[in-house]
Amino acid sequence: MRKTVLSLMSVAALALAGCNNPASPSQPTDKGAASSASTGTAASTKAPSEVSGTISLRGASQPSANAQLVVNLIDVTATAAGTAPLASKTSPAGTFPQPFQLTFNPAQVKPDDLYIVQVSLTDGERHYVMPMQAPVLAKGSKNTGVAIELVAEQTPGEKVLAAFTADQKQLGAMKVTHGTKLEANASRGWQLFRQAGQIQFIRELVDYGDKGFTSTDYAYKDGKVWAIVQQTMASSGAKPSSIDRAGWSDDGTLVLKQHEVGNDVQTLDDDAAAKLHKQAQDILSLATNGKNK
């Protein structure tokens with residue numbers, strides 16, 4: 001009988017102990033895990049509000065202090081043509097490579113549209129452009145660490161000079177005629193080059209005696225002067241003491257203007273360019289007996 005009473009008392013004690021113990025910690029732990037997972041999911045789906053990365057120059061020296069850098073975040077979807085950039089920043093160019101960051105309102109982003117970072121650099125006549133687009137804000141695109149490379153375009157003057165040099169290399173394939181003229185203070189000779197019946201080049205050599213010697217190549221398009229390179233030297237065969245280069249765009253604007261002395265290339269002034277242009281017209285008239293063709 002005594003044993004039975006003790007057993008009942010033991011069971012009651014255990015029951016009371018169970019009622020006095022706090023709830024199992026497993027339940028709060030599960031709630032905390034669920035809350036953390038929910039927060040993580042919200043963070044992962046939060047729309048970005050900025051794009052950032054680095055801008056560098058390919059094979060080019062640093063721009064001048066006057067250069068301007070423009071960074072835009074734009075929608076390039078066809079239906080968005082003409083709309084304002086989502087974000088834009090204009091500043092002095094500084095040095096490269098350099099970081100960039102654009103902040104925007106994520107509510108303005110259209111999920112189905114295509115966005116890119118567009119960067120341009122202008123340094124006087126020199127323009128730098130992106131050879132490759134930099135897409136952002138789309139699935140699979142980076143929004144941070146975006147690497148952008150800029151490449152220098154030829155200036156209008158460099159384009160004229162490159163075309164002049166290319167044509168100059170073709171002189172051997174052109175039809176050539178010769179002429180000379182003896183003047184009071186100079187001895188003048190020239191070669192006139194035609195291609196498909198059109199005058200392309202005139203190469204003129206002028207000996208001024210003790211006042212020096214010039215070798216000049218004049219290039220023409222449709223009977224109009226478009227590029228000139230004149231070398232001035234002490235005598236025929238001597239090293240040039242200076243080289244003048246002038247060239248005009250299709251609308252007649254002077255775009256190539258160089259005066260080179262040794263390794264120093266300066267800007268050819270407008271009067272000197274105008275003088276070269278008149279020389280080109282004069283030799284064209286002389287070499288064609290006034291026909292200019």
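This report describes the predicted model of one protein, from its overall make-up to selected side-chain arrangements.

Residues are numbered from 1 along each chain as its sequence is written. Local features need pLDDT of at least 70 and side-chain atom pairs pLDDT 80 or more, totals for chains, interfaces and linings use all residues, and side-chain values use heavy atoms, with hydrogens and water left out.

**Overall make-up and confidence**

The protein contains four helices and 16 strands; helices (H or I, at least four residues) and strands (E, at least two) are DSSP runs, numbered from the N terminus. Of its 293 residues, 31% are buried, where buried means under 20% relative accessible area, exposed over 50% and partly exposed in between (1.4 Å probe, protein chains only). The protein exposes about 18,400 Å², of which carbon and sulfur atoms supply 53%; accessible areas come from the Shrake-Rupley method with a 1.4 Å probe, and for residues only the protein chains shown count as cover. Among contacts (heavy atoms within 4.5 Å) with a separation of 6 or more, 47% join residues 24 or more positions apart.

The mean pLDDT, the predictor's confidence in each residue from 0 to 100, is 87, and 85% of the residues reach 70 or more. Over residues 1-29, pLDDT stays under 50, and the model has zero contacts beyond four places in sequence for them. Residues 33-44 likewise stay under 50, with zero contacts beyond four places in sequence. Where pLDDT is low, the predicted coordinates should not be read in detail.

**Aromatic rings**

Rings of Phe, Tyr and Trp (its six-membered ring) pair if their centres lie within 6.5 Å; planes under 30 degrees apart count as stacked, over 60 as edge-to-face and the rest as tilted. The count by this rule is one aromatic pair. The rings of Phe164 and Phe201 have centres 5.2 Å apart and planes at 40°, so the pair is tilted. Because Phe164 belongs to helix 3 (residues 156-168) and Phe201 to strand 11 (residues 198-207), the pair ties together parts 37 residues apart in sequence.

**Residue Thr288**

Thr288 is placed in the segment after helix 4 (270-287). Its side chain reaches the backbone oxygen of Leu284 at 2.6 Å. Leaving aside neighbours within four places in sequence, Thr288 is in contact with Leu192, Arg194, Ile199 and Lys293.

The table lists the accessibility of the residues discussed above.

| Residue | Relative accessibility | Class |
|---|---|---|
| Phe164 | 2% | buried |
| Phe201 | 1% | buried |
| Thr288 | 5% | buried |

Terms used. A polar contact is a pair of N or O atoms within 3.5 Å; within protein, one must be able to donate a hydrogen and the other to accept it, and residues adjacent in sequence count only if both atoms are side-chain atoms.
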